[in-house]
Amino acid sequence: MKEIKAIVQPGKLARIREEFSTMKQFPGMSVSKVEGCSYHEEEQIPRSLREALTDFSPKVRIEIVSPDDRVEEIVNIIYQCAHSGRAGDGVVWVTPVDSFQRLRFKAE
């Protein structure tokens with residue numbers, strides 16, 4: 001099992017979700033609204049202290065726990081849907097999952 005996390009532009013989520021809805025046995029995902037900032041190639045000098053402290057932009061974080069054999073397909077969908085080639089597109093990364101269990105209502 002692997003955990004796939006992606007930070008993407010909010011406007012890209014609908015397309016990503018649409019693509020996942022066509023996948024057979026999609027493992028599911030969690031989505032959170034987040035804010036973030038990152039390093040940019042060109043040096044950016046804030047015009048004021050206020051600007052330096054408020055340079056965060058709205059993003060969406062997607063979290064998916066997936067069987068190993070589905071990871072490449074899921075990452076490719078995220079990339080194809082979220083990549084525009086511009087700064088701020090986002091990031092995607094994959095980490096190992098040591099343990100995973102679904103929680104379900106247990107009937108007595």
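The conversation below sets individual values against the cut-offs that give them their names.

Guide: Please keep in mind throughout that this is a predicted model, and that every value we discuss is computed from it.

Visitor: What makes E2 and E4 the edges of the sheet?

Guide: The open sheet has 4 strands in the order E2-E3-E1-E4, with antiparallel pairing. Strand E2 (30-36) and strand E4 (90-96) each have a single partner strand, so one side of each is left without a neighbour in the sheet, and that is why they stand at the edges. Neighbouring strands of this sheet are turned by 20° against each other on average, with direction ignored.

Visitor: How do you know that E2 and E3 are paired?

Guide: Pairing asks for at least two bridges between the strands, and 7 bridges join E2 to strand E3, residues 57-66; the two therefore count as a pair, running antiparallel. As one example of such a bridge, Ser32 has Arg61 as its partner in E3. Helix H1 (residues 13-21) packs on the sheet, where it touches strand E1 (2-8), E2 and E3, and its direction makes about 15° with that of E3.

Visitor: What joins E1 to its partners in the sheet?

Guide: E1 is joined to E3 by 7 bridges, and 7 bridges also join E1 to E4, with antiparallel running in the pairing to E3 and likewise in the pairing to E4. Lys2 has Ser66 as its bridge partner in E3, while the bridge partner of Ile7 in E4 is Val91. Helix H3 (residues 71-82) lies across E1, E3 and E4, and runs at about 0° to E1.

Visitor: Why is the contact between Asp68 and Lys2 called a salt bridge?

Guide: The cut-off for the nitrogen and the carboxyl oxygen is 4 Å, and the closest N and O atoms of Asp68 and Lys2 are 3.5 Å apart, so the pair qualifies. Asp68 lies in the loop between E3 and H3 and Lys2 in strand E1, so the pair ties together parts that are 66 residues apart in sequence. Asp68, with a relative accessible area of 46%, is partly exposed, and Lys2, at 26%, counts as partly exposed too.

Visitor: Which other salt bridges can you name, and how many does the structure hold?

Guide: The structure holds 5 salt bridges, among them one between Lys5 and Glu3, whose closest N and O atoms are 4.0 Å apart, and one between Arg70 and Glu73, where that distance is 3.2 Å. Salt bridges that share partners also join Glu3, Lys5, Arg61 and Glu63 into one network.

Visitor: Why is Arg70 called buried, while Glu73 is called partly exposed?

Guide: A residue is buried under 20% relative accessible area and exposed over 50%, with partly exposed in between. Arg70 has 15% and is therefore buried, whereas Glu73 has 36% and therefore falls in the partly exposed range.

Visitor: What makes up the largest nonpolar core?

Guide: The largest nonpolar core has 17 residues, and those with the most contacts inside it are Ile4, Val8, Ile16, Phe20, Ile62, Ile74 and Ile78. Two or more residues are given to this core by each of E1, H1, E3 and H3, and H3 gives the most, with 7 residues. Leaving aside neighbours within four places in sequence, Ile78 is in contact with residues including Ile4, Val8, Ile16, Phe20 and Val92. In soluble globular proteins, nonpolar side chains tend to be buried together.

Visitor: How do you know that E1 is mostly covered?

Guide: Of the 7 residues in E1, 5 are buried, and the strand is described as mostly covered on that count.

Visitor: Why are the rings of Phe20 and Phe26 called stacked?

Guide: A search of the whole structure finds 1 aromatic pair. The ring centres of Phe20 and Phe26 are 4.4 Å apart, against a limit of 6.5 Å, and their planes stand at 20°, which is under the 30 degrees required, so the pair is stacked. Phe20, at 2% relative accessibility, counts as buried, whereas Phe26, at 23%, counts as partly exposed.

Key:
Residues numbered from 1 in each chain as written. Predicted model: local features only at pLDDT ≥ 70, side-chain atom pairs only at ≥ 80, totals over all residues. Heavy atoms only, no water. Axes fitted to C-alpha atoms, helices over the stretch in contact; angles between N-to-C directions. Contact = heavy atoms within 4.5 Å. Salt bridge = Lys/Arg side-chain N within 4 Å of Asp/Glu carboxyl O. Buried < 20%, exposed > 50% of the residue type's maximum accessible area, 1.4 Å probe, protein only. Core = buried A, V, L, I, M, F, W, Y, C linked by side-chain atoms within 4.5 Å. Phe/Tyr/Trp six-rings, centres within 6.5 Å; stacked < 30°, edge-to-face > 60°.
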